[in-house]
Amino acid sequence: ASNVSELLDDYEEGTFTPTLRSSSVTTGQQSGIGTYTKIGNLVHVNIDFESKDFTGIPNSHVVQITGLPFNSRNTTHTPTSTVPMTYNVYTRENAAFYMGANVAHINGIYPNSGTGWSNIPTDDINQSNVYLNFSLSYTAA
C-alpha cells in the first residue's frame, strides 16, 4: 500500500489453442481460441469457441476441454469457471467447467438437484453453429 512501483518477476501473457472434445475420444473435436495471463503461479484463461460444428462428437461422453497452457497444482483444490455464455447448446442451469489436480484439461459439470455434481454429456453440445465462452482462474503447478 504505497506509491512505489513494484516489478513482477514472473508475469506472462499469451495465447493457446483449447480443444473441445469427448473425454474419451477425439472424434468430432474442435479447436477454439484461448488467451492467458500468468502472474506467479496464478493463471487466468479466457476460452472462446465461436460458430463451431460439434455434430461429429460422439454422444454419451463427458464434455472436456484440453490444451490449457499450464498444469494445475497437485492439490484437492478444484477451480471452477465462470458460468459459460452459450448459444445453440442445451443449457444446464449453473453449468461450469472444473479442473482437477495436476492436469491441463477441464471437464463440464452442472449441479444435480442440489445433491452433488454431474458431468455435462456431449449430447448437450452435439450441434452446429455452437458458441461457448467463459473464463477460469487456477493455480499452476
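Strands are DSSP runs of E covering at least two residues, numbered from the N terminus. The model shown in these views is predicted.

**View 1. Thr 122 sits in a loop between two strands.**
Thr 122 has a relative accessible area of 0%. Buried means under 20%, so Thr 122 counts as buried. Leaving aside neighbours within four places in sequence, its contacts include Ser 22. Also in contact with Thr 122 are Ile 57, Pro 58, Asn 59, Ser 60, His 61, Val 62 and Val 63.

**View 2. Ile 33 is an exposed residue of strand β4.**
Strand β4 spans residues 33-39, and Ile 33 lies in it. The relative accessibility of Ile 33 is 57%. The cut-off for exposed is over 50%, so Ile 33 falls in that class. Beyond four places in sequence, Ile 33 touches Phe 16, Pro 18, Asn 46, Ile 47 and Asp 48. Asn 133 is 100 residues away along the chain, yet its C-alpha atom and that of Ile 33 are separated by 9.6 Å.

**View 3. Five strands form an open antiparallel sheet.**
The strand order is β1-β4-β5-β11-β7. At the edges are β1 (11-16) and β7 (85-87), each pairing on one side only. From one strand to the next, the twist averages 10°. Strands of a sheet pair through backbone hydrogen bonds.

**View 4. Strands β5 and β11 pair within the sheet.**
Strand β5 covers residues 42-52. Its pairing with β11 is antiparallel and runs over nine bridges. Ile 47 stands opposite Phe 134 of β11. Ile 47 is also one of the contacts of Ile 33.

**View 5. The whole chain provides the setting for the close-ups.**
The protein has 11 strands and zero helices. Its 141 residues give a radius of gyration of 16 Å. A compact globule of that length would have a value near 14 Å, so the two agree. The C-alpha atoms fill a box of roughly 55 × 35 × 25 Å along the principal axes. Buried residues make up 38% of the 141. Among contacts with a separation of 6 or more, 70% link residues 24 or more positions apart. The accessible surface comes to about 7,700 Å². Carbon and sulfur atoms account for 46% of that surface.

Key. Residues are numbered from 1 along each chain as its sequence is written. This is a predicted model: local features need pLDDT of at least 70, side-chain atom pairs count only at pLDDT 80 or more; totals for chains, interfaces and linings use all residues. Side-chain values use heavy atoms; hydrogens and water are left out. Helices (H or I, at least four residues) and strands (E, at least two) are DSSP runs, numbered from the N terminus. Buried means under 20% relative accessible area, exposed over 50%, partly exposed in between (1.4 Å probe, protein chains only). Contact means heavy atoms within 4.5 Å. Two strands pair if DSSP finds at least two bridges between them. Axes are lines fitted to C-alpha atoms, for helices over the stretch in contact, and angles run from 0 to 180 degrees between N-to-C directions. The radius of gyration is taken over C-alpha atoms; the globule rule is 2.2 Å times the number of residues to the power 0.38. Accessible areas come from the Shrake-Rupley method with a 1.4 Å probe; for residues, only the protein chains shown count as cover.
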